[in-house]
Amino acid sequence: MTLRWFLLALLILACWVAQEVFAAPHTGIASFYGLETCRYNRDPQCPTASGRSLYDLVANYEPYCASWGYKFGTKLRLTNLVNGREAGCVVWDRGPHQKLNRIVDLSPLVFAQLADLEYGVITVRVDMEALP
């Protein structure tokens, strides 16, 4: 019985630490992706990992992004560390591919607010936006 309580306490502590870690700003490389990824998705709705259709996100001009470290629906504030431009987005997908050493994949709409699309990748700071 004591082992169960210890493991439960350890789990709660791990969850609390994880929230604190991801609440802190992260700095890293960001890229962008759009509807071109749908050609590799057999589902005609092209769902993201959260189940939202990528077609719907693009059609509604929603500022979406993909990240492994945040829950779906988390609002992020991104800052381009070279030019200081800022943009907001919502996590609706998982990615980028972990071997690419990128911390976030952005929609072309969000990326264009931070830099010209021709750059392809940029260095950003990622902050969680405070909940209203």
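Which backbone oxygen lies 2.7 Å from a polar atom of the side chain of Thr74? Keep that in mind while you get oriented.

**Colour by confidence.** This is a predicted model. Mean pLDDT for the chain is 86, with 83% of residues at 70 or more. Select helix α1, residues 2-23: among the elements of the chain, its mean pLDDT is the lowest, at 60. Now select α3, where the mean is the highest, at 97.

**Select Thr74.** Look in the loop between β2 (64-66) and β3. The opening question ends here: the oxygen belongs to the backbone of Lys71. Is Thr74 buried or exposed? Thr74 counts as buried because its relative accessibility is 15%, and the cut-off for buried is under 20%. Next, show what Thr74 touches beyond four places in sequence: Cys89, Val90, Val91 and Met128.

**Select the largest nonpolar core.** This core has 17 residues. Start with Leu78, Val104, Leu106, Leu114 and Val124, which touch the most other members. Then colour the elements that each give two or more residues to the core: β3 (75-80), β4 (86-93), β5 (102-106), α3 (108-114) and β6 (122-128). In soluble globular proteins, nonpolar side chains tend to be buried together.

**Centre on Val124.** Hide its neighbours within four places in sequence. Val124 is then in contact with His26, Thr27, Gly28 and Ala30, among others. Its contacts also include Leu78, Thr79, Asn80 and Leu81. Ile103, Val104 and Leu114 complete the list.

**Last stop.** Select Cys46, Leu57, Val90 and Trp92. They are among the nine residues of a second, separate core. Val90 is also one of the residues that Thr74 touches.

Methods
Residues numbered from 1 in each chain as written. Predicted model: local features only at pLDDT ≥ 70, side-chain atom pairs only at ≥ 80, totals over all residues. Heavy atoms only, no water. Core = buried A, V, L, I, M, F, W, Y, C linked by side-chain atoms within 4.5 Å. Buried < 20%, exposed > 50% of the residue type's maximum accessible area, 1.4 Å probe, protein only. Helix = DSSP H or I, 4+ residues; strand = E, 2+ residues; numbered from the N terminus. Contact = heavy atoms within 4.5 Å. pLDDT = per-residue confidence, 0-100. Polar contact = N/O pair within 3.5 Å; in protein donor to acceptor, adjacent residues only side chain to side chain.
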